[in-house]
Every structure is written in C-alpha cells, then in structure tokens.
Amino acid sequence: MNGNDEDNPIRPHSKRLGREIAMQFLFACDVRGEIAGAAQFDAFFETVQSVFQLKDDRLARRAKEYAATLYTKFELSREKIDETIAAHAKNWKIDRLSAVDRNLLRVAVAEMLGCDDVPSVVSIDEAVGIARDYSGPEAGNFINGLLNAIKDDLK
C-alpha cells in the first residue's frame with residue numbers, strides 16, 4: 001500500500017486499497033486470534049492512515065468503507081467462506097496456508113459471494129495482484145488457480 005506517496009503518481013482505486021486494508025486487518029486479527037470487529041477496525045484504520053500517510057480524503061473514506069464491507073461480509077459468512085476455500089485447496093488445510101494468502105483468499109471469496117456488483121474475474125485479478133505484492137509470484141499463481149476453481153463452482 002503506497003497511500004498518497006507523492007513520488008508515485010499512480011493513485012490506487014479505492015476498492016483496491018479497501019481490499020488491501022481488509023486483508024491486512026483480517027491478517028492482524030488472525031495472527032492475534034481475534035474476531036474482527038468495528039472498534040478494532042477503526043483503530044486499525046487509524047494506524048494504517050498514520051503509517052502510510054493517507055490523507056483524510058475521498059479515496060481514504062471510500063477505501064475504509066469498502067474494507068469494512070469486505071471484513072463484515074467475511075465475518076457474517078466465515079464458516080461458509082473457510083469451507084469453500086478448504087474444499088478447493090487440494091492437499092492443503094486452510095490453517096496451513098500462509099496467513100497472508102489465507103486472509104487474501106477470505107477477502108476475495110467474501111467479495112465473490114457478497115458483492116454482486118463486482119464480477120468474480122475482477123475479484124480474482126485484484127487478489128492475484130495483491131498476492132504478488134504481499135506474498136510473491138508463486139502465491140499469485142496459487143491464488144489465481146484456487147479462486148478460478150471457486151468461481152467455476154459458484155456458477
């Protein structure tokens with residue numbers, strides 16, 4: 001996440017930034033063994049805003065709103081989402097996936113199941129890009145294959 005880095009003229013889309021923030025928030029909750037909640041999210045977002053020097057502008061507000069939507073959709077369907085991931089992660093138990101990959105998959109599947117205005121291929125493409133930024137090229141390929149299999153079953 002590059003926030004509003006003046007050296008980087010490319011501004012991220014609010015949904016992309018929201019996906020990254022949601023993944024990071026779920027990652028933090030996962031590592032600490034906490035259930036995601038609104039109070040924790042607000043505190044987390046304030047930290048993100050400070051660390052990455054996000055201005056309090058429309059981009060940040062929309063990103064925060066979208067991140068909150070995604071983590072809420074995950075929390076409301078946690079069991080179904082984790083079961084869906086586990087069913088498609090051949091030879092992998094969900095708790096054996098890296099915490100980054102696991103939570104990125106959770107965000108993407110929550111979006112695929114709960115955001116009818118976002119085509120599944122967009123969710124997949126965004127998840128692959130985020131995986132490559134946070135996990136590496138191999139993770140991007142793994143996430144692409146897994147999410148495409150999930151997408152095919154969602155039809």
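Reader: Why is glutamine 53 called exposed?
Author: Its relative accessible area is 63%. Exposed means over 50%, buried means under 20%, and partly exposed lies in between, for a 1.4 Å probe and protein chains only. Because 63% is over 50%, glutamine 53 counts as exposed. This is a predicted model, where local features need pLDDT of at least 70, side-chain atom pairs count only at pLDDT 80 or more, and totals for chains, interfaces and linings use all residues. Residues are numbered from 1 along each chain as its sequence is written, and side-chain values use heavy atoms, leaving out hydrogens and water.

Reader: Where does glutamine 53 sit, and what is its phi?
Author: Glutamine 53 is in the loop between helix 2 and helix 3. Helices here are DSSP runs (H or I, at least four residues), as strands are (E, at least two), numbered from the N terminus. Its phi is near 50°, a positive value in a residue other than glycine.

Reader: What makes asparagine 91 exposed?
Author: Its relative accessible area is 76%, so the cut-off for exposed is passed. Asparagine 91 lies in the loop between helix 4 and helix 5, and has a positive phi of about 65° although it is not a glycine.

Reader: Why is leucine 104 called buried?
Author: Leucine 104 has a relative accessible area of 2%, which is under the cut-off, so it is buried. Leucine 104 is found in helix 5. Leaving out residues up to four places away in sequence, it touches Met23, Ala127, Ile130, Ala131 and Ile143, where contact means heavy atoms within 4.5 Å.

Reader: What makes a set of residues a nonpolar core, and how many residues has the largest one?
Author: A nonpolar core is a set of buried Ala, Val, Leu, Ile, Met, Phe, Trp, Tyr and Cys residues joined through side-chain atoms within 4.5 Å. The largest has 47 residues, and those with the most contacts inside it are Ile21, Ile85, Ile143 and Leu147. Helix 1 and helix 7 (137-154) are among the helices that each supply at least two residues of this core. Isoleucine 85 is in contact with residues including Ile94, Leu105 and Ile150, its neighbours within four places in sequence left aside.

Reader: Which residues line the largest cavity?
Author: Its lining is Arg19, Leu104, Val107, Ala108, Glu111, Ser123, Glu126, Ala127 and Ile130. Helix 5 and helix 6 each supply at least two of the lining residues.

Terms used
1 Å grid on protein atoms, 1.4 Å probe; cavity = no way out; pocket = protein on both sides within 12 Å on 5 of 7 lines; lining within 4 Å.
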